[in-house]
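I opened this notebook to keep track of what I looked up in one protein model. The entries follow the order in which I checked things.

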Amino acid sequence: MPSGTLGGSLNAWRSAAMVEPGQEPPDEAVVFRGSQSLCREFSLVLEARNIQHEARQTEGAWVLTVAPATLREAYEEISRYSAERRVPRTIPTIDPHPGAGLGAVCYVVILLAAAYGAGSGLLGRDWFAIGALDAAAPGEWWRSITALTLHLDQEHLLGNLLFGVVAGIAAARLLGPGVAWLSILGAAALANYAEVLMSPATHRAVGASTAVFATLGLLAGMASRQQLTLRERLWYRWAPLIAGICLLTLLGAGDAHVDVLGHALGFVFGTGVGWLYTRLGVSGRRGSTIQAITGWIAGLAICAAWALAIIRGAAQA
């Protein structure tokens, strides 16, 4: 232990405990002698245990004194704290899942395919009319999914492609590509549907931004339960939120076209899913089968949602 030891303190305790006949017991006993920083640190330990003590400088060194009757208890508390202090802390490491890039590629392909379909009026349909989130049609639940694939302009699309790929790869490395993207899709779709129920009938929205914020929330929720130091925990917990605020600022929080409520709900639902996953230990499941199954479910869910949208659009035409 730096700048002071407890070795001599044991002898001090023994000396204080053995008082010669006819001698007056000392008023105080030294339990520690060393640096000022350690003296103050051990003072906090004794204070937490309600052991009366005094820290002062004497003869060029700092000493920590207690009543002789409490010397043994004080020494044991400081010794126990010192032993724990010297135990090296192992920082948990994360063994990333393989295939994180594959999920990101699928994400890009889906958004570009939807952009092409909407821009060209594929199948003779107005994709925004049949696929946008519409608070006036809460029964058309598939819009909560189809709206995630549509974008109003190239800037909106490119921003969500960039941030979605980066955040999605991070989530896929923790959960695996299939589980991660199905979780992102589920959290974002729930956020969109909740927004429909909370918004006026005139509200309409599109964009994968809600999914991006759900991804950031997923990462934040998982980080909140990692066994890290306080400083690390604060950083990993709030880093996704900070990234989300930066993304919101980049997209323009004051713009009337920015769906702030959807972004906030996406982050909240994503955080809840991430917290639940770490509690259940989902991140430790590495089977390729489950990744394939969940990945296909995510892809089929998007295809089914668009099939329903096109069929409903044809019926209303």
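**Entry 1: Glutamate 77**

I looked up glutamate 77 and found it in helix H3 (residues 71-86). Helices here are DSSP runs of H or I with at least four residues, strands are runs of E with at least two, and both are numbered from the N terminus. The model is predicted, so I note that local features need pLDDT of at least 70 and side-chain atom pairs count only at pLDDT 80 or more, while totals for chains, interfaces and linings use all residues. Residues are numbered from 1 along each chain as its sequence is written, and side-chain values use heavy atoms, with hydrogens and water left out.

Is glutamate 77 buried or exposed? Glutamate 77 is buried, because its relative accessible area is 13% (buried means under 20%, exposed over 50%, partly exposed in between, with a 1.4 Å probe and protein chains only). I then listed what glutamate 77 touches, leaving aside neighbours within four places in sequence: Val45, Leu46, Arg49 and Ile51. Contact means heavy atoms within 4.5 Å.

**Entry 2: The whole protein**

I counted twelve helices and six strands in the protein. Of its 317 residues, 42% are buried. Among contacts with a separation of 6 or more, 78% are between residues 24 or more positions apart.

**Entry 3: Helix H2**

I turned to H2, which covers residues 36-48. Its 13 residues should span 18 Å at 1.5 Å a residue, and the end C-alpha atoms are 18 Å apart, so the two agree. The expected span is 1.5 Å times one less than the number of residues.

Which residues of H2 are buried? I noted Leu38, Cys39, Phe42, Ser43, Val45 and Leu46. They cover an arc of only 160 degrees around the axis, so they lie on the same side of H2. The arc is that of the directions from the helix axis to the C-beta atoms. An α-helix has 3.6 residues a turn, so residues three or four places apart point the same way. On the face of H2 turned away from the buried side I found the exposed residues Ser37, Arg40, Leu44, Glu47 and Ala48.

I also checked the charged end of arginine 40, which sits over the ring of tryptophan 62, 5.9 Å from the ring centre. The rule asks for NZ of Lys or CZ of Arg within 6 Å of the ring centre and within 35 degrees of the ring normal.

**Entry 4: Aromatic pairs**

I used this rule: rings of Phe, Tyr and Trp (its six-membered ring) pair if their centres lie within 6.5 Å, and planes under 30 degrees apart count as stacked, over 60 as edge-to-face and the rest as tilted. By this rule I got five aromatic pairs. The rings of phenylalanine 32 and phenylalanine 42 have centres 4.9 Å apart and planes at 85 degrees, so I wrote the pair down as edge-to-face. Phenylalanine 32 is in strand S2 (residues 29-34) and phenylalanine 42 in H2, ten residues apart. Phenylalanine 32 counts as buried, at 0% relative accessibility, and phenylalanine 42 counts as buried at 0% too.

The rings of tyrosine 107 and tryptophan 181 also have centres 4.9 Å apart, but their planes are at 25 degrees, so this pair is stacked. Tyrosine 107 lies in helix H4 (residues 100-120) and tryptophan 181 in helix H8 (residues 177-198), so the pair ties together parts 74 residues apart in sequence. Tyrosine 107 is buried, with a relative accessible area of 10%, and tryptophan 181 is buried at 14%. Ring pairs also link Phe32, Phe42 and Tyr81 into a cluster.

**Entry 5: More on tyrosine 107**

What does tyrosine 107 touch, not counting residues up to four places away in sequence? My list is Asn160, Leu161, Gly164, Val165, Trp181, Ala208 and Val212. The side chain of tyrosine 107 reaches the backbone oxygen of asparagine 160 at 2.7 Å. I also noted glycine 168, which is 61 residues from tyrosine 107 in sequence and 8.7 Å away in space, C-alpha to C-alpha.

**Entry 6: Positive phi**

Asparagine 50 has a positive phi of about 60 degrees although it is not a glycine. I placed asparagine 50 in the loop between H2 and strand S3 (53-58), and it is exposed, with a relative accessible area of 69%. Leucine 123, also not a glycine, has a positive phi of about 65 degrees. Leucine 123 lies in the loop between H4 and helix H5 (127-131) and counts as exposed at 57% relative accessibility.

Technical notes
Polar contact = N/O pair within 3.5 Å; in protein donor to acceptor, adjacent residues only side chain to side chain.
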